[in-house]
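Open your viewer and keep the selection tool at hand. This tour goes from the whole chain to single residues.

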Amino acid sequence: MIDPFGRHITYLRVSVTDRCDFRCVYCMAEDMTFLPKAEVLSLEELERLCSAFVRRGVRKLRMTGGEPLVRKNVMSLFRGLGRHLQSGALDELTLTTNGSQLAKYARELADIGVQRVNVSIDTLDRDKFRTITRWGDLDQVMRGLDAAQQVGLHIKINAVALRGVNDDEFEDLIRFSHGRGMDLTLIEVMPMGEIGGENRLEQYLPLSLARTEIARHFTLTETDYRTGGPARYFTVGETGGRLGFITPLTHNFCESCNRVRLTCTGTLYMCLGQEDAADLRAPLRASEKDDLLDRAIDEAIARKPKGHDFVIDRRHTAPAVRRHMSVTGG
Ligand code: SAM
Ligand code: SF4
């Protein structure tokens with residue numbers, strides 16, 4: 001699949017549920033309203049959709065959410081998609097998780113062929129963790145990390161940089177992650193979805209500032225390591241580990257975008273920062289054969305926009321896109 005700007009679309013991210021067992025302050029309102037279950041695709045339908053993308057050239061699948069591991073019986077989806085790894089049609093099957101259920105599923109994920117997992121941890125302080133996630137338990141997440149490393153999964157830690165909340169912890173997060181052989185990526189807050197009383201302008205910390213601060217303690221050397229995504233990677237001289245910065249607001253990364261995003265209702269978003277979307281549920285359900293679905297996918301890719309237009313400033317405190325990150329899955 002090649003879009004109008006010559007970009008090869010080889011990466012599909014799938015939000016397998018919009019539900020979550022946490023309520024992170026930058027992601028959801030505490031009294032978040034979730035999709036009615038009837039609108040959500042079955043796991044069999046999600047597998048069929050993902051397989052259509054694999055057939056059309058997707059080489060990497062990432063399951064996300066919401067929290068992918070809280071969806072009932074989600075391992076059946078992983079197992080179904082794992083067969084594309086065995087056939088060689090897929091290079092990578094992976095997930096982004098808050099880690100709360102990792103202790104339970106790490107072994108099975110590894111057996112299926114998952115090799116790398118992104119785990120979101122914004123702070124190493126138990127109380128702060130509870131404040132940021134509202135409902136999360138850091139110890140449980142740490143047990144998940146242990147279990148995942150024991151079965152040989154490679155872990156990347158994702159931390160959203162929050163002004164006045166975890167901006168005094170970057171050094172600790174670097175030492176912790178790199179000390180355990182895990183990459184660390186810092187993420188800028190993106191203006192997605194209403195989040196109740198929280199104010200994005202207050203949360204927003206430009207990572208250019210974070211990097212300057214980090215560079216006072218560590219030697220950062222830019223690398224050409226790329227994942228086709230929005231992260232820029234540096235190696236940290238003192239730890240030997242890798243540090244990424246995802247800066248959608250201060251650095252434009254759209255030229256190399258290789259991905260599209262699917263929601264759990266079968267809506268395909270061609271860009272994280274745009275409202276345009278394609279409904280794939282109707283063609284999926286209209287026929288047991290895949291020709292309608294394949295055509296709908298091709299038409300959607302032909303509309304992939306050139307880039308996003310996120311802005312957070314005093315004039316733009318409303319979300320740039322109405323849907324939450326948990327709908328399209330980060
Ligand atoms: N529940 C899983 C987790 O937390 O890793 C997967 C879904 S979560 C939406 C994916 C990533 O998006 C997480 O690393 C989370 O911190 C990040 N995220 C959520 N809302 C965000 C926002 N408004 N701006 C930037 N990152 C956000
Ligand atoms: Fe849940 Fe992940 Fe959103 Fe936190 S960031 S509320 S863990 S979906």
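Show the surface of the protein chain. Its accessible area comes to about 14,200 Å², and carbon and sulfur atoms hold 48% of that area. Accessible areas are from the Shrake-Rupley method with a 1.4 Å probe, and for residues only the protein chains shown count as cover.

Two notes on what you see. This is a predicted model, in which local features need pLDDT of at least 70 and side-chain atom pairs count only at pLDDT 80 or more, while totals for chains, interfaces and linings use all residues. Residues are numbered from 1 along each chain as its sequence is written, chains are lettered from A and ligands numbered from 1 in the order in which they are written, and side-chain values use heavy atoms, with hydrogens and water left out.

**The whole chain**

Switch to cartoon. You have 11 helices and 12 strands in the protein chain. Helices (H or I, at least four residues) and strands (E, at least two) are DSSP runs, numbered from the N terminus. The radius of gyration is 19 Å, close to the 20 Å that the globule rule gives for 330 residues, so the protein chain is as compact as a globular protein of that length. That radius is taken over C-alpha atoms, and the rule is 2.2 Å times the number of residues to the power 0.38.

Now show the C-alpha trace. Along its principal axes it spans about 55 × 50 × 40 Å. Of the 330 residues, 57% count as buried. Buried means under 20% relative accessible area, exposed over 50%, and partly exposed in between (1.4 Å probe, protein chains only). Take the contacts between residues at least 6 apart in sequence: 72% of them join residues at least 24 apart. A contact is a pair with heavy atoms within 4.5 Å.

**The core**

Which residues touch the most other members of the largest nonpolar core? Select Leu12, Leu61, Met63, Phe78, Leu93 and Leu268. This core has 93 residues. Helix 1 (residues 43-55) gives the largest share, 7 residues. A nonpolar core is a set of buried Ala, Val, Leu, Ile, Met, Phe, Trp, Tyr and Cys residues joined through side-chain atoms within 4.5 Å. In soluble globular proteins, nonpolar side chains tend to be buried together.

Center on Leu93. Beyond four places in sequence, its contacts include Leu61, Met63, Phe78, Ile112 and Val114.

**Ligand 2**

Select ligand 2 and the residues around it. They are Cys20, Phe22, Arg23, Cys24, Cys27, Met28, Gly66 and Asn98. Each has a heavy atom within 4 Å of the ligand. By class, the shell has 5 nonpolar, 2 polar and 1 charged residues.

Go to Thr97 in strand 3 (residues 92-97). Thr97 is buried, with a relative accessible area of 2%. Among its contacts beyond four places in sequence are Glu67, Leu69, Leu102 and Asn118.

Step across to Asn118 in strand 4 (residues 116-120). Is Asn118 buried or exposed? At 10% relative accessibility, Asn118 counts as buried. Beyond four places in sequence, Asn118 touches Arg62, Leu95, Thr96, Thr97, Lys156 and Asn158.

**Helix 6**

Select residues 170-179, helix 6. The buried residues here are Phe170, Leu173, Ile174, Phe176, Ser177 and His178. Their cover includes helix 5 (138-150), strand 5 (154-160), strand 6 (183-187) and helix 8 (207-214).

Pick Glu171 in helix 6. At 29% relative accessibility, Glu171 counts as partly exposed. Beyond four places in sequence, Glu171 touches His217 and Phe218.

- Asn73 sits in the loop between strand 2 (60-64) and helix 2 (74-87). Its phi is positive, about 65 degrees, although Asn73 is not a glycine.
- Arg134 is in the loop between helix 4 (126-133) and helix 5. Its phi is near 60 degrees. Arg134 is buried, with a relative accessible area of 18%.
- Gly240 lies in the loop between strand 8 (231-236) and strand 9 (242-246). At 61% relative accessibility, Gly240 counts as exposed. Draw a C-alpha to C-alpha distance from Gly240 to Gly136: they are 30 Å apart in space and 104 residues apart in sequence.

Methods:
Ala, Val, Leu, Ile, Met, Phe, Trp, Tyr, Cys and Pro count as nonpolar, Asp, Glu, Lys and Arg as charged, and the others, Gly among them, as polar.
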